[in-house]
Amino acid sequence: MTTAAPILNRSTATQQSLAHGPLGVALLHIERAHRGAGSWQAVHCRLGAIGPLIDGNKANLFLGAPAMAYVLHLASAGTNRYGNALHTLDGIIAAHTRRRLGAAHARIDQGKQTSFAEYDLLRGLTGLGALLLRRDPGSNTAKAVLEYLVRLTEPLHSPGGRTLPGWWVWHGPATPGVPTPGGHANVGLAHGIAGPLALLALAKLRGISVTGHHEAMTRICRWLDQIRQSDYRGARWPRWITETAAVPTHPAAPSWCYGTPGLARAQQLAAMALGDACRQRMAEQALLSCLADPLQLDQLAGRGLCHGIGGLLRVVQRVAEDAEEPGVFATYAPQLSGRFRTAESPAEIGFLEGSTGAALAFEVTGTDTAPATNWDSCLLLA
């Protein structure tokens, strides 16, 4: 298993993208191979065609060496399959994560604001932590990521004297590389604080905790309570907060990445980890209210995981598994399946926004069969 020099071009990035490229497509073939409905030889041929892996500052859970490790981990599933490659990748990823952690702590020491690329699920340390929680949950590196996330939640004092959440970023929500006056605090699972919350909760539920773990989750939950919006349509959360506003103020699309479903799952997990029955009921009711609201559901036009009905389907399945009353969620299954079938098919074949992710989400819908792999752990749903 080799890694490439840190030179990133579009072709290489696409080839090694879990979100949009062949690595993501392999997840569906791995799922089917585990179920006996596909060929392991086909999986091996697909993975073997992916060249020297990207490592360096741009590598993350969804790109390069960490993405390959995630895919191979699902393929191995307790066997010795790909054992040598995974052993090599584990060392590469541990060193990569430690470098990223050093830079992050240096940034905090300097009192500077963070960025998506430092901490989020798609590009940052939350994503690397999600991988480590699967690959080596008790390792010092995994615990170091959790310790960093605890520190990320501590208040940040701005130059103007204002106290901001520690995850307040210096750029805008749609322009990660461009300074934006005032910055913002992002809320969603993909780029916002719901990602660290879900990872901290999943770790705690697996018996892994660090100093300040409980307090960090509580700090995030209280902030989410402060910005929660409630009306006759139920509870929901804005996508982000600026110094002057919450955006949007109206009900947004109920997507995995930013909407009520992702926020509900993150808070359900946190509630279970904290032993907070009231929060768990609130989170589950927020999702039920969303499912009962055509105004929100009609905003989901496609089948994809990130922005479409596929992501909603998978969140509902995961929430129902841990819900106080799982049968209530089951009553919405026919409606969601119908919406999925009539939704627009993705133009691309990738995992996050394409037909691969849609197929994975729909694979066991309407059956009593669970997925063969936890393919959705990269979405922090499990």
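**Close-up 1. Helix H14 gives the largest share of the lining of the second largest pocket, 6 residues.** The model is predicted; local features need pLDDT of at least 70, side-chain atom pairs count only at pLDDT 80 or more, and totals for chains, interfaces and linings use all residues. Residues are numbered from 1 along each chain as its sequence is written, and side-chain values use heavy atoms, without hydrogens and water. A pocket is an open set of points on a 1 Å grid over the protein atoms alone, where a 1.4 Å probe fits, with protein on both sides within 12 Å along at least five of seven lines; lining residues have an atom within 4 Å of a point. Helices are DSSP runs (H or I, at least four residues), numbered from the N terminus.

**Close-up 2. The second largest pocket holds about 390 Å³ of space.** Its lining has 21 residues, with Gln317, Ala320, Val364, Gly366 and Thr367 closest to the centre. Volume here is the space filled by probe spheres set on the points, which are joined across faces, edges and corners.

**Close-up 3. The largest pocket has a volume of about 840 Å³.** It is lined by 26 residues. Asn60, Leu63, Leu122, Arg123 and His191 lie nearest its centre. Helix H1 (residues 10–15) gives the most to this lining, with 3 residues.

**Close-up 4. Helix H4 spans residues 65–76.** Among the buried residues are Tyr70 and His73. Just after H4, Ala77 takes a positive phi of about 40 degrees.

Notes:
Helices (H or I, at least four residues) and strands (E, at least two) are DSSP runs, numbered from the N terminus. The expected span of a helix is 1.5 Å times one less than its number of residues. Buried means under 20% relative accessible area, exposed over 50%, partly exposed in between (1.4 Å probe, protein chains only).
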